[in-house]
Amino acid sequence: MDHLRIQTRSGLRQALGAGLFLLFKQSFRCPTSRRAFAEYEAFVGAHPDVPTGWIDVVADRPLSLEAAEATGVTHQSPQAILIRDGAVTWHASHGAITAESLAAAI
């Protein structure tokens with residue numbers, strides 16, 4: 001699984017159960033989210049070997065809330081959540097999301 005939009009419960013379960021997965025939650029309506037998404041895309045471009053996926057929190061609100069419940073990380077947008085062996089090992093939101101912070105978390 002690589003950089004893709006997660007739109008189904010089964011896709012979310014698969015992502016959360018992966019050995020390593022970076023989940024990104026964002027809204028294209030928000031300028032802060034768009035900036036963070038650009039940072040996420042820069043990270044993905046530099047680290048194509050890291051499995052990642054993103055959720056549009058507006059279009060897929062129930063899935064976004066399910067991700068918050070499954071990870072135990074309170075919903076925010078934009079938000080990055082790193083999962084390793086089924087457990088959250090790092091998360092950040094808003095201005096703390098940079099290509100550098102994502103790389104350092106890995």
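A word first on the ground rules. The model is predicted, so local features are reported where pLDDT is at least 70 and side-chain atom pairs at pLDDT 80 or more, while totals for chains, interfaces and linings use all residues. Residues are numbered from 1 along each chain as its sequence is written, and side-chain values use heavy atoms, leaving out hydrogens and water.

Let's begin with the whole chain. The protein chain holds four helices and five strands, where helices (H or I, at least four residues) and strands (E, at least two) are DSSP runs numbered from the N terminus. Their order along the sequence is β-α-β-α-β-α-β-β-α. Along its principal axes, the C-alpha trace spans about 30 × 30 × 20 Å. Of the 106 residues, 44% are buried. Here buried means under 20% relative accessible area, exposed means over 50%, and partly exposed is in between (1.4 Å probe, protein chains only). Among contacts (heavy atoms within 4.5 Å) between residues at least 6 apart in sequence, 62% join residues at least 24 apart.

Now to the interior. In soluble globular proteins, nonpolar side chains tend to be buried together. A nonpolar core is a set of buried Ala, Val, Leu, Ile, Met, Phe, Trp, Tyr and Cys residues joined through side-chain atoms within 4.5 Å. The largest one here has 16 residues, and L22, F24, Y40, F43, A80, I97 and L102 have the most contacts inside it. At least two residues of this core come from each of β2, α2 (31-46), β4 and α4 (99-105), and α2 gives the most, with five. Take F43 as an example: leaving out residues up to four places away in sequence, F43 touches L22, V50, T52, A99, L102, A103 and I106. Apart from this core lies another, of twelve residues, including L12, A15, V73 and I83.

An α-helix has 3.6 residues a turn, so residues three or four places apart point the same way. After α3 comes G72, with a positive phi near 80 degrees.

Next, the rings. Six aromatic pairs turn up in the whole structure. Rings of Phe, Tyr and Trp (its six-membered ring) pair if their centres lie within 6.5 Å; planes under 30 degrees apart count as stacked, over 60 as edge-to-face and the rest as tilted. F24 and Y40 are stacked, at 4.7 Å centre to centre with 10 degrees between the planes. This pair links strand β2, which holds F24, to helix α2, which holds Y40, across 16 residues of sequence. Both F24 and Y40 are buried. F28 is partly exposed at 39% relative accessibility, whereas W54 is buried at 12%. Ring pairs link F24, F28, F37, Y40 and W54 into a cluster.

Finally, the charges. The structure has two salt bridges, each a side-chain nitrogen of Lys or Arg within 4 Å of a carboxyl oxygen of Asp or Glu. One joins D60 and R5 (2.9 Å, N to O). D60 lies in the loop between β3 and α3 and R5 in strand β1 (residues 4-5), so the pair ties together parts 55 residues apart in sequence. D60 is buried, with a relative accessible area of 13%, while R5 is partly exposed at 31%. The other bridge joins E66 and R9 (2.8 Å, N to O). E66 lies in helix α3 and R9 in helix α1, so this bridge ties together parts 57 residues apart in sequence.
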